[in-house]
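Colleague: I'd like to go through this model with you before I plan anything. Can you put it up?

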Amino acid sequence: MVKEVWIDPWSSDLPKNYTKTIKDFGLERFNVNDFPDPNMLMRRGFVICGRDLKLISKCIKEKKPFYVLTGIMPTAEKLHFGTKSVIDQVIYFQKKGAKTFVLIADLEAAATRGLSLREARRRALDVHLPCYIALGLDPKKTEFYFQSENDSVRNLSFVLSNKASLNEYRAIYGNPEPSRIMSSVLQVSDILHPQIKEPMPGIIPVGIDQDPHIRLSRDIAKRAKEFKFFPPSSINHKFVPDLSGSFKMSKSEGNSLFLLDSNEEIKRKISKALTGGQKTLEEQKKKGGDPDKDMIFELFKQHLITDDNELEKRIKDYKEGKILDSENKKYAIELLQKYMEDFRKKYDEAKKISKELSVSHFKSSLNLL
Ligand code: TRP
């Protein structure tokens, strides 16, 4: 396999040429008409492709059982606003009747990032889980687990470890370190374990960088004949630039919004965001701005303006020079501050739930390293 077409799930070199990626990896284009009541990201072109999507759309339409599953490494101390996009997808399928699984990839974080299991648990319970719930995930209808505590997932990973060769890991990941191999076998097991008792289709919303895991899961699912697994479906959303327009995740700290950002932080970050405006006020009024190069419109489209008509009108007005960057930014700040205020309340509530979960749902913290 040639270097350009590798997708490395642990790197931040994000593939931006989607048409090529879709073709090279045999992905399927997302068709919004296949999914009832599509959410904003689906309607507005952020969801672009996936695997075996028709299977899931059939389950929704025929009310057949299926599941949705996502996992997160609890490395970050605060969650990127973009996390909302993944959870929005999970929520969509949860509302459409999917059994829902959310896992904390603490073993993967230990293996690939050197984070202790104890610290991973703290971050997950303080930040990640409450944020997920505050974003709208229904905790009563969601099964949460830590990789380190799920015996069936871990056992399954040993059973499945002989279903792929080192050469395949090499073809998929380039240089497969033992920590990466262990993490990916475990991730395959995360993805397939809901089917141990009863095989059913499942959908995994992921950034396109995680597609290697999906391909491996699908291959292994087909080979593990004893389980009769459905190869998992996936749904991929686009990568989005930070507020400066850059795709380099490592450099975007100061230019990215985070859930729970304060009013001042919001104001500061939005004020210096990249816009599609002209150099001077006169020029902008005459020629109009370009919403496609504007990071404020990115936010409006993905998160802040839910009404399609309102969005369309704003885009039109911006293109015609009727709306200036300063007005746009002012509106974004207003909407974001309101969103965050509401989010913070939900987060405080959700923290209580996450505390209860930590007692009732998860085993004691015995054996935590
Ligand atoms: N590898 C994912 C990450 O880097 C976390 C993860 C573990 C995951 N198991 C999963 C994601 C299963 C989706 C499905 O964050």
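Modeller: One term to begin with: helices (H or I, at least four residues) and strands (E, at least two) are DSSP runs, numbered from the N terminus. This is a predicted model, where local features need pLDDT of at least 70 and side-chain atom pairs count only at pLDDT 80 or more, while totals for chains, interfaces and linings use all residues. Residues are numbered from 1 along each chain as its sequence is written, and side-chain values use heavy atoms, with hydrogens and water left out.

Colleague: What is the mean pLDDT of the protein?

Modeller: The mean is 89, and 91% of the residues reach 70 or more. The pLDDT is the predictor's confidence in each residue, from 0 to 100.

Colleague: And in which helix is confidence lowest, and in which is it highest?

Modeller: Confidence is lowest in helix H1 (residues 18-24), with a mean of 82, and highest in helix H3 (residues 53-62), with 97. Over residues 1-8 the pLDDT is below 50. That stretch has 16 contacts in the model beyond near neighbours in sequence, a contact being heavy atoms within 4.5 Å.

Colleague: On to the ligand. Which residues surround it?

Modeller: The ligand has Leu69, Gly71, Met73, Leu103, Ala105, Glu108, Gln147, Gln187, Asp190, Ile191, Ile204 and Gln210 around it.

Colleague: What gives the most to the shell?

Modeller: Helix H9 does, with three residues. H9 (178-192) and strand E3 (67-72) each supply at least two residues of the shell.

Colleague: How far is a nitrogen atom of the ligand from the side chain of glutamate 108?

Modeller: A ligand nitrogen is 2.9 Å from an N or O atom in the side chain of glutamate 108. For glutamine 187, the distance from a side-chain N or O atom to a ligand nitrogen is 2.8 Å. Aspartate 190 has a polar side-chain atom 2.9 Å from a nitrogen atom of the ligand. The protein covers 90% of the 370 Å² of accessible area that the ligand has on its own. A polar contact is a pair of N or O atoms within 3.5 Å; within protein, one must be able to donate a hydrogen and the other to accept it, and residues adjacent in sequence count only if both atoms are side-chain atoms. Accessible areas come from the Shrake-Rupley method with a 1.4 Å probe, and for residues only the protein chains shown count as cover.

Colleague: Is serine 183 buried or exposed?

Modeller: Serine 183 is buried, with a relative accessible area of 3%. Buried means under 20% relative accessible area, exposed over 50%, and partly exposed in between (1.4 Å probe, protein chains only). Serine 183 is in helix H9.

Colleague: New topic: where is arginine 218?

Modeller: Arginine 218 is in helix H10. With a relative accessible area of 13%, arginine 218 counts as buried. A polar atom of its side chain lies 2.9 Å from the backbone oxygen of proline 232. Not counting residues up to four places away in sequence, arginine 218 touches Arg51, Asp52, Pro231, Pro232 and Ser233.

Colleague: And what is the phi of aspartate 52?

Modeller: Aspartate 52 has a positive phi of about 50°, although it is not a glycine. Aspartate 52 sits in the loop between strand E2 (47-51) and H3, and is partly exposed at 29% relative accessibility. Lysine 228 also has a positive phi, of about 60°, and is not a glycine. Lysine 228 is in the loop between helix H10 (211-223) and strand E7 (233-237), and is exposed, with a relative accessible area of 64%.

Colleague: Where does isoleucine 353 lie?

Modeller: Isoleucine 353 lies in helix H15 (residues 325-360). At a relative accessible area of 30%, isoleucine 353 is partly exposed. Leaving aside neighbours within four places in sequence, isoleucine 353 is in contact with Ile133 and Pro139.

Colleague: Last one: what is glutamate 310 in contact with?

Modeller: Setting aside neighbours within four places in sequence, glutamate 310 is in contact with Ile305 and Tyr331. Glutamate 310 is in helix H14 (residues 308-319) and counts as partly exposed at 31% relative accessibility.

Note on methods. Near = heavy atom within 4 Å.
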